[in-house]
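Colleague: I have a few questions about this structure. Can we go through them one by one?
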Amino acid sequence: MAPGLYTDIGKKTRDLLYKDYNTHQKFSLTTCSPHGVAITAAGTRKDESIFGELHTQIKNKKLTVDVKANSESDLLTTITVDEFGTPGLKSILSLVVPDQRSGKLELQYLHEYAGVNASIGLNPNPMVNLSGVFGSKALSVGVDVSFDTATSNFTKYNAALSLTSPDLIASLHLNNHGDTLVASYYHLVKHHSGTAVGAELSHSVSRNESTLIFGSQHSLDPHTTVKARFNNYGMASALVQHEWRPKSFITISGEVDTKAIEKSTKVGLSLLLKH
């Protein structure tokens with residue numbers, strides 16, 4: 001099994017601890033045609049502001065074209081070609097209009113013992129990013145480096161290590177030029193119910209601060225999942241997600257500061273419809 005890409009290291013833990021938690025209202029409607037065209041209209045209300053997005057996706061064999069327009073008048077176009085010239089190679093071209101300097105060309109390559117991602121900005125002084133993971137599904141190491149050609153400086157250099165077994169995933173990240181150490185843990189306790197627990201410890205050397213967050217999830221039935229998390233600063237969150245029809249979800253989540261419950265309670269609602 002391939003070790004995946006650098007962004008896959010620790011992803012199970014991040015999804016458990018952060019995915020689908022929100023304290024705002026979100027609505028999304030997706031319509032799919034049998035010819036590979038999908039149109040999604042989404043709206044998000046956060047505080048007193050409302051943000052909208054229209055997403056169109058067209059698939060034809062190995063070619064995928066995504067066009068996103070939002071309420072801030074940005075237009076993001078992404079063209080993806082799978083199996084680009086050789087098995088396991090994917091090319092991605094992205095551009096944000098009206099920002100003429102936002103163009104980026106990205107190549108991803110997945111091999112049995114490696115996963116490589118390289119990207120370069122399409123402008124006179126581009127940002128160059130290179131990340132790679134080497135090893136196997138059980139044990140892998142990775143690096144992630146960014147170089148700014150305008151200043152001739154490395155703006156990012158990170159490293160990571162991942163250990164994976166059928167029920168347990170552990171990872172270690174060294175980020176922010178070596179200043180931040182992040183250790184994460186994911187354990188699938190029961191397969192039939194999807195019960196899992198996870199934790200993430202982040203320590204900043206320069207600030208001498210640590211953040212510890214615990215989380216768990218459990219499937220009440222094949223269509224309903226509950227999740228909860230708690231950190232060392234007293235912030236507690238929980239959510240209930242129900243799939244009321246195939247690929248259509250309603251999610252209710254809440255967050256509270258246990259040190260100031262009467263002032264800090266926040267509730268979010270997300271509704272995703274697909275047909």
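Colleague: How many salt bridges does the structure hold?
Modeller: The structure holds five salt bridges. Keep in mind that this is a predicted model.

Colleague: Which residue forms a salt bridge with K11?
Modeller: That is D15, and the closest N and O atoms of the two are 2.7 Å apart.

Colleague: How far apart are K11 and D15 in helix α1?
Modeller: They are four residues apart in α1, which covers residues 11-18, so about one helical turn separates them. In general, side chains of opposite charge can pair when their charged atoms come close.

Colleague: Which side chain meets D82 in a salt bridge?
Modeller: The side chain of K90, with an N to O distance of 3.7 Å. D82 is partly exposed, with a relative accessible area of 26%, and K90 is partly exposed at 29%.

Colleague: What about R207, what does it pair with?
Modeller: R207 forms a salt bridge with E209, and their closest N and O atoms are 3.3 Å apart. R207 counts as exposed, at 54% relative accessibility, whereas E209 is partly exposed at 39%.

Colleague: Where does N208 lie?
Modeller: N208 is in the loop between β14 (195-204) and β15 (209-221). Its relative accessible area is 62%, so N208 is exposed. The phi angle of N208 is near 55°, which is a positive value in a residue other than glycine.

Colleague: What is phi of D20 near?
Modeller: Phi of D20 is near 75°, a positive value, and D20 is not a glycine. D20 sits in the loop between α1 and β1 (25-32). At 33% relative accessibility, D20 is partly exposed.

Colleague: Changing topic to charges again. Which side chain of opposite charge is nearest to D66?
Modeller: That is K68, 6.5 Å away. D66 is buried and has no salt bridge.

Colleague: Then which side chain does D66 join in a polar contact?
Modeller: The side chain of H55, through a polar contact of 2.8 Å.

Colleague: Where is D66, and what else does it touch?
Modeller: D66 lies in strand β4, residues 63-70. Leaving out residues up to four places away in sequence, D66 touches H55, T56, Q57, L76, T77 and T78.

Colleague: Now T80. Is that one buried or exposed?
Modeller: T80 is buried, because its relative accessible area is 12% and buried means under 20%. T80 is found in strand β5, residues 75-81.

Colleague: Which residues is T80 in contact with?
Modeller: Apart from its neighbours within four places in sequence, T80 is in contact with K62, L63, T64, K90, S91 and I92. K90 is also the residue that forms the salt bridge with D82.

Colleague: How far is T80 from L107?
Modeller: Their C-alpha atoms are separated by 9.7 Å, and the two residues are 27 apart along the chain.

Colleague: And I92, what stands opposite it in β7?
Modeller: E106 stands opposite I92. Strand β6 (residues 89-97) and strand β7 (residues 104-111) run antiparallel and are joined by six bridges. They form a hairpin, with six residues between the two strands.

Colleague: How many bridges pair β7 with β8?
Modeller: Eight bridges, again in the antiparallel sense, with β8 covering residues 114-121. Y109 stands opposite V116 in β8. The hairpin that joins β7 to β8 goes through two residues.

Colleague: Last topic. Which residues make up the largest nonpolar core?
Modeller: The five residues are L16, I169, Y186, L188 and A196. In soluble globular proteins, nonpolar side chains tend to be buried together.

Colleague: What does L188 touch?
Modeller: Not counting residues up to four places away in sequence, L188 touches D167, G194, T195 and A196. Of these, A196 is also one of the residues of the largest nonpolar core.

Definitions and conventions. Residues numbered from 1 in each chain as written. Predicted model: local features only at pLDDT ≥ 70, side-chain atom pairs only at ≥ 80, totals over all residues. Heavy atoms only, no water. Buried < 20%, exposed > 50% of the residue type's maximum accessible area, 1.4 Å probe, protein only. Contact = heavy atoms within 4.5 Å. Core = buried A, V, L, I, M, F, W, Y, C linked by side-chain atoms within 4.5 Å. Lys, Arg positive; Asp, Glu negative; His and termini not counted. Salt bridge = Lys/Arg side-chain N within 4 Å of Asp/Glu carboxyl O. Polar contact = N/O pair within 3.5 Å; in protein donor to acceptor, adjacent residues only side chain to side chain. Pairing = 2+ DSSP bridges.
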